[in-house]
Amino acid sequence: MSMSAGWYLRRLSRMGPQEIGGRVSDVVRRRRWRTARPLCPSVTGARFTAVLPAGTIAAVPPDAAKRLVAEADRLLAGHVEYFGVVRDDLVSPDWWSDPKTGRRAPWGYAFDVPYRNEDAVGDIKQIWELSRHQYLTVLAAAYAVTGDERYAERVAEHLRSWWAANPPLRGVHWISGIELGIRLLSWVWVRRLLDGWPGAADLFEGNPVAHHQIWHHQRWLAAFPSRGSSANNHVVAEAAGQFAAACAFGWFPTSERWRDDALRSLERHLRGNTFPSGLNRELATEYHGLVLELGLAAVAEADAAGVPVPSSVRLVLLRMTDALAAVVDNRLQPPRQGDADDGHGLVVDGGGTDRWGSLLATGEAVFGRLDWWPAVTGTDVRTPLLAALLRPYGKKGTTPTVTRPDRRPGHFADAGLTILRGPEDIWCRCDGGPHGFLSIAAHGHADALSLEVRHDGVDVLADPGTYCYHGQPAWRRYFRSTLGHNTLELDGSDQSVSGGPFLWTRHARSRVLVADTADVSAGGTALWSAEHDGYQRSVHRRRVELVAAAKELRVVDEVLGALGPRRDVRLAFHLGPAIAVDLVGNWAVLTWTRDGEVRSAVLDLPGQLNWRAHRGESDPPLGWYSPGFGRKEPATTLVGTGFTDGTASSAEFATVLRFCG
């Protein structure tokens with residue numbers, strides 16, 4: 001997918017004068033850098049002192065270490081899976097090859113590579129992911145845990161191979177700042193985890209090639225920060241990687257300046273990317289996790305290096321952690337809201353480690369858990385490593401005393417996110433918030449007033465997910481569309497207007513009218529109501545009641561301003577992949593299995609609509625669930641079609657989801 005002239009005009013329309021000026025400067029600098037390639041300053045007497053404290057590795061739980069070593073052994077044997085594509089070439093990888101399409105990115109000046117064009121380059125996510133070098137941090141962690149030098153030797157072999165194949169500003173790996181930032185953070189942790197291996201110093205401190213790469217990565221990040229309408233999670237990753245490298249590899253004349261500038265950027269953008277409530281402003285849950293991981297890793301470097309960090313940085317991370325604890329379901333899984341691309345800030349764990357439980361475990365170690373936090377029963381490698389570097393909350397020089405929630409929040413007014421909880425671990429997310437972050441809302445979906453409903457952690461009414469970014473425009477459109485969510489569509493149109501795969505040119509405005517989020521596990525009724533203005537001439541209003549005694553969710557959709565020409569209506573309910581359905585008329589019986597027990601529910605759907613079940617359809621896409629980036633599987637979507645009759649000022653559609661047993 002290459003971008004048209006129309007896309008560039010639409011994208012330009014979402015920028016302010018300051019951003020346009022900055023991007024013009026970037027273009028001039030890129031042209032100048034094509035021929036002006038300064039040499040890295042000579043480094044003498046380099047030392048790496050940001051090591052783990054004695055006893056840290058011994059604190060890694062045995063079962064977490066076992067998972068780590070199993071993962072490292074798979075990597076050592078050459079096997080890895082990224083975004084649903086299994087690779088068996090990891091013994092000696094081609095750093096520019098895309099295993100999904102079989103294409104290889106072209107050589108040349110980095111900023112000439114048409115990375116958005118899959119026909120010319122391949123799937124850029126597949127090419128970039130390996131070169132984040134997070135699999136190398138896994139191998140290095142396995143060395144730290146076992147002392148087996150095979151892991152360290154493979155890490156060194158691959159770093160030397162990558163450095164040789166990717167000289168500064170040549171090729172696909174010098175295009176995107178988030179990639180450079182995450183790669184630098186990986187290199188810092190590789191060096192830390194290889195401490196004690198005899199070859200570690202020769203690989204980094206005594207290696208002019210390593211100096212050259214580290215210096216040019218930091219020079220690039222200092223020159224080309226993500227700007228304006230693009231200053232989302234990318235700029236946090238850029239600042240975190242730059243800061244980590246300047247702290248741990250502070251071997252250059254410009255290291256102190258880079259460190260200070262990166263810290264200022266990190267502080268500014270952590271605050272800018274986060275609501276006061278602690279939720280991420282992109283309203284994309286996986287990016288909440290990514291930003292939290294990056295922030296924790298950056299502060300760990302500051303504490304390891306003795307660099308003071310503004311109290312606002314720790315305060316944002318504290319609030320993000322409390323917010324995460326508040327929104328997860330009983331199985332510690334958060335909402336599936338907005339885009340998700342399986343991006344991580346720091347990876348040192350094996351498969352089967354729960355990402356969200358790991359973040360909460362780290363939060364407990366660093367900030368202290370509150371009484372209402374859910375219990376974390378799993379183990380991980382990352383928590384003891386980060387906790388060994390991070391100064392605990394409340395210690396002198398960390399976060400000042402702040403007021404934390406004394407009970408579990410259910411409504412986040414600034415983010416428009418509401419969680420209703422009922423008996424038998426019924427969990428319901430209601431979306432009445434902004435369309436997304438900044439003027440382009442890059443990672444937002446057209447999902448105003450959508451719901452997610454889970455029963456004991458099983459997706460019953462599911463958010464279908466993301467699946468893809470580049471290269472498959474029809475699928476990208478579907479997974480971010482209004483029809484692709486549990487909400488109401490009018491006249492076959494999305495609530496917000498898309499201008500490209502990461503660009504929205506008109507944003508639906510939502511507002512929450514009522515949010516009574518009392519936990520009704522023991523009885524009572526929780527209530528939520530909101531509306532949005534995404535449809536011209538009409539307002540969509542939705543009311544949700546969670547009634548404990550009946551174990552049912554009542555959903556009423558209203559179209560206000562329905563007088564005049566009739567409007568086509570489609571109401572969609574996306575079932576999770578574990579749900580089997582028997583649909584007769586407007587009555588659907590849902591069944592699934594959890595821990596060997598068959599469970600069920602019924603959906604009483606609006607009778608004035610005609611209901612059909614769709615599953616695994618491709619032309620056009622409908623009836624799919626994406627469990628992770630690059631992966632999709634058939635799931636049933638119930639779609640009711642009809643219209644407003646145009647003779648009344650409003651139209652109403654009532655749905656009841658009742659859990660049985």
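Helix 11 (residues 233–248) packs against helix 12 (residues 255–272) at about 145 degrees, with the axes 8 Å apart. Helices here are DSSP runs of H or I, at least four residues, numbered from the N terminus. Axes are lines fitted to C-alpha atoms over the stretch in contact, and angles run from 0 to 180 degrees between N-to-C directions. The model is predicted: local features need pLDDT of at least 70, side-chain atom pairs count only at pLDDT 80 or more, and totals for chains, interfaces and linings use all residues. Residues are numbered from 1 along each chain as its sequence is written, and side-chain values use heavy atoms, without hydrogens or water.

The crossing of helix 11 and helix 12 is left-handed, meaning that the near helix is turned anticlockwise from the far one by less than a right angle. Helix 11 contributes residues including Val-235, Ala-239 and Phe-243. Helix 12 contributes, among them, Trp-258, Ala-262 and Leu-266. Contact means heavy atoms within 4.5 Å.

Now the cores. The largest nonpolar core has 141 residues, and Leu-194, Phe-204 and Phe-249 have the most contacts inside it. Such a core joins buried Ala, Val, Leu, Ile, Met, Phe, Trp, Tyr and Cys residues through side-chain atoms within 4.5 Å. Leaving out residues up to four places away in sequence, Leu-194 touches Ala-140, Tyr-143, Ala-152, Val-155, Ala-200 and Leu-203. A second, separate core of 41 residues includes Trp-592.

Last, the cysteines. The whole structure has zero disulfides, a disulfide being two cysteine sulfur atoms within 2.5 Å. The sulfur of Cys-430 lies 3.8 Å from that of Cys-428, its closest cysteine sulfur, so it is too far for a bond. Cys-428 is buried, at 0% relative accessible area; buried means under 20% (1.4 Å probe, protein chains only).

How values were computed
Buried < 20%, exposed > 50% of the residue type's maximum accessible area, 1.4 Å probe, protein only. Helix = DSSP H or I, 4+ residues; strand = E, 2+ residues; numbered from the N terminus.
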